[in-house]
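Please read the following points with the coordinates open beside you.

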Amino acid sequence: MLTRLSSDTHEDVYRVEDPASGLRGFIALHSTARGPAAGGLRMRVYDSDEAALRDVLNLSEGMSYKNGAADLPLGGGKAVIMGDPAKDKSPQLLRAMGRAVEQLDGRYWTAEDMGMTPEDMAIMAGVTRFVAGRDDGAHASGDPSPVTAQGVLGAMKVGAARVFGTRDLSGKTVAVQGLGHVGWHLCRLLHDAGARLIVADMDPARTAATARDFNTAVGDPRTIHAADADIFAPCAIGGILNAETIPQIRAKMVAGAANNQLATDADADLLHARGILYLPDYVANGGGIINVSAEILHIEDPAPWVEDKLKAIETTMERILARAEGENASPAHLADRIVEDRMLATKAG
């Protein structure tokens, strides 16, 4: 099932295959310097094996930074399954993936991500010990999506205080791209905070339902980044901030739940040059892995522990933004430096 691939950037990368169930995918362990690699399992349609491999490599590296930013004793890993979760997912396929995770003997912990649910994690838990994000069982943490959204909202308020002079988001217009588990919960929180919303998703039915839920305006998922909004919140796939889209953005701040929002490192500088405040994605969206890590680490009283970690996200974000302003640099670069310093300190220790 597992075929090890060579890599100059990651500790281990594996191709995962099981012809009987139709499973095709990859597992990437970017780093275990701070602890076992942890990161979700996503299932989506990819154009090619190369595209899926590129995604899992980028996402697993992002998890090393995300876990470092949240100061968790975990490294970075990720897994992807190639296929349409609405058509190709099956208990047989999930159990096959679970057996692959088990073969890594705790070096990688998985949880739900795009295309996955707590119910899917429960099926995998039948064949592997190294799965989190379950609804029941010892230390079960459940769906991490609401906690991810809560962390993004808190980070957004930190950014709003700098851009608009207040943490209060009431009356601010937020364009939300992507209405999956996290995007929908973020819309709920923003609606409750009094923000005006423009929403868009590639699924028209999901867009319409969210618009009804929160009485929002509807945008085009391909152009919502250019909406007339105060804040742009990318909550879908990565790479949305690039040389084509950045000149079109009218928002004063970008803060969302999507991973790997910047197509390249240079795009952080393009945003900074335009005076658009970018909140580093792996800091803002760390709530989900914090919630899952409470299960991985067997935290006995998780609620206050998670709440403290969410507050720490805001503190870290404020520190990043203050240093970035002082150095007249993109917050993305400052975030990288802070997390890399933490990683080096762990290795030195």
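1. In the antiparallel pairing of strand β3 (residues 23–31) with β6, G25 stands opposite I81, and six bridges join the two strands. Strands pair here if DSSP finds at least two bridges between them, while helices (H or I, at least four residues) and strands (E, at least two) are DSSP runs numbered from the N terminus. This is a predicted model, in which local features need pLDDT of at least 70 and side-chain atom pairs count only at pLDDT 80 or more, whereas totals for chains, interfaces and linings use all residues. Residues are numbered from 1 along each chain as its sequence is written, and side-chain values use heavy atoms, with hydrogens and water left out.

2. Strand β6 also has parallel partners: β5 (residues 41–44) is joined to β6 by four bridges, with M43 opposite I81, and β4 (residues 37–38) pairs with β6 over two bridges, where A37 has G75 as its bridge partner.

3. Eight of the eight residues of β6 (residues 75–82) are buried, so this strand is largely enclosed by the rest of the structure; buried means under 20% relative accessible area, exposed over 50%, and partly exposed in between, with a 1.4 Å probe and protein chains only. Both faces are covered, with G75, G77, A79 and I81 buried on one side and G76, K78, V80 and M82 on the other.

4. A search of the whole structure finds three aromatic pairs, a pair being rings of Phe, Tyr and Trp (its six-membered ring) with centres within 6.5 Å, and planes under 30 degrees apart counting as stacked, over 60 as edge-to-face and the rest as tilted. One of the pairs is Y65 with Y282, which is tilted at 5.5 Å centre to centre and 55° between the planes. Y65 lies in helix α1 and Y282 in helix α8 (residues 281–284), so the pair ties together parts that are 217 residues apart in sequence. Y65 is buried at 13% relative accessibility, and Y282 is buried at 10%.

5. The rings of W184 and F214 are also a tilted pair, with centres 5.3 Å apart and planes at 50°. W184 lies in helix α5 (residues 181–192) and F214 in helix α6, so parts 30 residues apart in sequence are tied together. W184 is partly exposed at 28% relative accessibility, whereas F214 is buried at 8%.
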